[in-house]
Amino acid sequence: MSVSPATGISQPIVIGIDAGGTMTDTILVDADGHFKIGKSATTPKDESEGFLASAEDAAEAWGISLESLFSGVGVVLYSGTGMLNTLLSRTGRKLGLITTKGLEDMILMGRGLQAWADYSYADRLHAVTHHHPEPLVPRRRTHGVTERIDQFGDIVLPLYEHDVHAAARKLIADKVDAICIMTIFSHVNPTHEKRIAEICRDEVAKAGADILVYTSHEVRPVIREQSRLNSVLIEAYATSRGRRQLKGIEDVSKTYGFKYGVQTLLSFGGLTSINHPRLHETMISGPIGGILGAAYVGKLIGNDSLICSDMGGTSFDMGVITRGQTRIENEPLMDRFKLNVPTLHLDTIGAGAGMILKVDPLTRKVSLGPESAGSDPGPICFAKGGTEPTIADCDAILGRLNPDYFLGGKVRLQVDRARAAFKEKCADVIGVGVEEAAEGMIEMLEADANNALRRVISGQGIHPSEFTLLSYGGSGPLHLAGCSRGIGFKDIITFQFAAAFSAFGCTTADFMRRHSVSTQIDIGAKASDGALVDFGARVTSIWNELTRAAVDEMIEDGHAREKIRTVPFLMMRYTGQLEDVEVMAPLSSVSSAGDMRTVIEAFEAVYAKVNHRVSRYGEAGYSITELGVIATADKVKPILVRRPLGKSDPASAHKGVRDAYLGGGWHRANLYEMDDLQPGHEVSGPAIIEHPATTLVVHPGDQVFVDEWTLLHYRHG
Amino acid sequence: MTSYSKEVIAELVAGTLPWPQTRRIMSAYKDDDRFFKYIAVLQDRVGWKDKILLPVGDHLFICQSGEERVTRCECGHSFGDYRRNWKLRAAIIVRDNEELLREIYPNSDLPDPAWMEIREFICPECGTLHEVEAAAPGYPIVHDFEPDLEGFYREWLGRPLE
């Protein structure tokens with residue numbers, strides 16, 4: 001990125017790199033909180049190429065060489081797409097499955113929602129489009145063995161070991177790369193899974209084959225066999241290539257002088273080394289960075305209710321932090337497979353600058369997407385072969401995007417070509433002028449995002465005026481005004497590093513492990529003190545076991561014991577409810593009836609916060625459905641620099657004027673360079689604030705104020 | 001606006017198009033020229049020269065046969081004038097007792113033959129099963145529909161039949 005060398009700033013200490021579907025974003029951070037960002041196209045075949053190109057772009061912006069960058073930094077964070085691509089392209093390992101007899105068709109049947117998850121609303125309604133994802137194991141390599149353990153962990157039928165021997169031999173003869181084992185209720189009692197694994201390993205050794213064995217209780221001992229099955233399959237199927245990609249990243253970093261191990265992001269918001277034993281926990285990591293970054297910015301500005309919104313080319317992702325609470329989604333979808341990996345919750349709608357615009361010739365109905373032109377061929381104005389008009393083309397036609405400064409000038413936008421195609425395919429079909437049609441399309445996109453934000457907020461049961469909206473992503477600031485208008489946010493903020501905000505968020509994370517296990521502990525509303533003590537003892541013993549496992553893993557990763565902090569947590573609900581809430585335990589062990597009551601009170605407090613105080617229902621009793629431990633170790637983090645507010649006139653960042661079509665008419669809009677804006681500056685619309693990687697449009701009557709952290713506050717007029 | 005090549009439509013009809021592409025076509029607006037491409041694909045498939053005017057089943061078509069318009073099986077067998085119910089000239093199996101119904105429902109409950117019978121309409125020449133109807137015993141053979149070919153071509157396809 002052609003930004004002038006950063007003078008007077010020191011050596012970066014953290015590199016955060018976020019490889020998305022189209023672009024790989026890099027952010028460099030030094031100890032004083034200076035940032036530089038870099039961008040390059042993602043290279044799915046060998047991710048290290050895109051990694052290096054993106055890092056080089058950022059290093060150039062900083063004004064240093066790759067060698068001095070890598071030899072000087074303490075942390076390299078990388079979140080990539082290798083595993084996801086392996087899954088999407090079905091190029092993973094050849095698997096075999098051994099399961100409880102009678103459950104062999106579980107893979108084919110799947111979950112009903114897997115047939116339509118990710119579909120547009122219209123397609124969801126049309127069952128003819130529903131289709132189950134291609135299974136990862138064919139039915140012929142699925143073998144049932146006789147055994148049964150019930151929900152209490154009691155053995156109802158013993159394991160028929162001869163079934164296992166036969167199945168293992170058959171799979172070895174089929175030349176599988178890995179054998180997965182998933183028996184029902186193994187999360188309560190894993191005896192049979194363990195024994196099946198033993199037999200399989202014996203058979204593999206006897207045959208002299210090189211076959212890995214995975215068991216579901218080791219991958220994640222949590223209730224719901226379909227999700228547990230998907231998790232163990234995906235771990236076995238996709239992680240080997242993912243691990244190879246991550247190893248490639250580490251090797252490249254080391255050739256440029258990096259001294260430590262590369263870290264990657266977990267879906268529940270922590271960092272781990274690339275040797276993480278359950279690598280599928282890092283698969284949904286890209287958008288997670290944004291929520292972490294939002295939490296960090298929230299602390300700075302003193303508001304713990306935040307909505308973060310990320311608009312890129314294809315989707316609009318929204319994350320919520322309500323009064324300091326992030327939401328954990330326990331069964332997220334991955335390529336339409338339901339998994340049981342705890343993940344920071346995100347709401348997503350299809351809305352982005354790459355959306356393809358369509359007008360039905362019969363009804364003149366306009367529809368956006370859901371297809372996106374992506375980066376290849378991209379919008380028409382990229383002149384890379386795209387032929388379908390997109391939102392980005394509308395932005396270019398209306399003068400909102402600078403044709404000579406897109407990605408810092410790396411892509412020259414062909415506005416005339418976009419205009420001609422848009423006129424023919426959209427404006428003329430509807431029968432209105434080009435500008436009016438283009439602005440209408442943008443308004444539709446922004447209205448979709450605006451409605452989605454309102455829906456997410458109303459789901460929280462808290463007034464919008466408590467929330468601060470954070471807007472980022474390559475096209476977030478471009479459509480910020482329309483997305484946020486009329487909702488009544490407390491504040492609306494965007495960033496100079498908006499295009500790499502997710503990568504920034506990754507750099508604010510700590511090293512983390514999260515171990516948990518399903519439980520079935522029902523505490524009556526009128527439980528006696530003696531009963532409470534017993535419940536407490538059960539909880540404590542499970543916590544101790546999990547703590548030991550989590551700490552051991554972190555020590556193995558090279559963290560010193562005294563640096564590791566552990567916090568136990570519980571998933572609790574009122575007995576009979578269907579959803580649980582995550583409660584951070586107020587105590588590290590429960591040794592008395594009073595302690596147990598403290599834990600219950602903590603649950604009620606969280607429940608009241610997430611729902612509403614009057615919705616508490618202690619009369620039903622309490623159920624603990626899962627117990628877990630989060631272990632963390634600190635990492636150096638970026639700090640944003642606080643500078644005194646200067647004068648409000650932004651003349652020093654002014655770089656010219658351009659005609660832009662805003663609110664139904666052409667305006668002479670002032671242009672500003674985003675990186676040159678200083679604390680205190682106030683920009684009044686109509687104006688366009690440009691950055692090589694993003695563009696902020698300030699509508700007539702609106703204002704942008706730069707605060708002491710150099711955050712950009714958007715104020716509707 | 002939307003349009004696909006004849007090869008794509010041929011694969012769509014044959015069911016060999018990859019699923020993601022099939023779904024994209026399903027979810028998009030209907031392509032303007034689909035009908036004529038579809039007819040062209042069908043025309044390539046059948047072994048006779050009569051022009052197909054309208055498909056009325058997977059292997060059954062109304063076609064222009066000289067001056068006449070007839071319903072024709074893919075094998076070439078003619079069921080006569082299209083305005084007449086072609087079923088009346090088909091070979092018919094009527095399943096109206098338990099034994100005959102059991103042949104097609106070997107493992108499940110049966111409909112009550114006193115209330116419902118199943119009629120299968122088969123091409124007398126090639127044996128293709130063209131249609132199955134379930135009706136109350138004694139109910140006349142159903143005439144599925146008599147298309148208004150002129151109106152359909154003129155008003156819906158915008159290309160009147162000569």
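In this predicted model, chain A is divided into six domains: domain 1 (12-86 + 242-282), domain 2 (90-238), domain 3 (288-350 + 446-507), domain 4 (355-444), domain 5 (514-633) and domain 6 (650-715). The centres of domain 2 of chain A and domain 3 of chain A, taken over C-alpha atoms, are separated by 35 Å. Where these two domains of chain A touch, 15 residues of domain 2 are in contact with 11 residues of domain 3. On the domain 2 side of this contact in chain A, the residues comprise four nonpolar, six polar and five charged.

A helix pair comes next. Helix α6 (residues 161-173) of chain A and helix α7 (residues 191-207) of chain A have axes that come within 9 Å and cross at roughly 45°. With that angle, α6(A) is oblique to α7(A), and the crossing of the two helices is right-handed. From α6(A), the residues Glu161(A), Val164(A), His165(A), Ala168(A), Arg169(A) and Ile172(A) meet Ile196(A), Ile199(A), Cys200(A), Glu203(A), Val204(A) and Ala207(A) of α7(A). Sorted by class, the contact between α6(A) and α7(A) has eight nonpolar residues, one polar residue and three charged residues.

Turning to a strand pair, strand β21 (residues 355-359) of chain A pairs with strand β22 (residues 366-372) of chain A in the antiparallel sense, over four bridges. Within this pairing, Leu357(A) has Leu368(A) in β22(A) as its bridge partner. Together, β21(A) and β22(A) form a hairpin with six residues between the strands. In the turn of this hairpin, Arg364(A) has a positive phi of about 60°.

Note on methods. Residues numbered from 1 in each chain as written. Chains lettered and ligands numbered in written order. Predicted model: local features only at pLDDT ≥ 70, side-chain atom pairs only at ≥ 80, totals over all residues. Axes fitted to C-alpha atoms, helices over the stretch in contact; angles between N-to-C directions. Parallel < 35°, antiparallel > 145°, perpendicular 65-115°, else oblique. Left-handed = near helix turned anticlockwise from the far one by under 90°. Contact = placed C-beta atoms within 7 Å. Nonpolar A, V, L, I, M, F, W, Y, C, P; charged D, E, K, R; others polar. Pairing = 2+ DSSP bridges. Domains from an automatic or database assignment.
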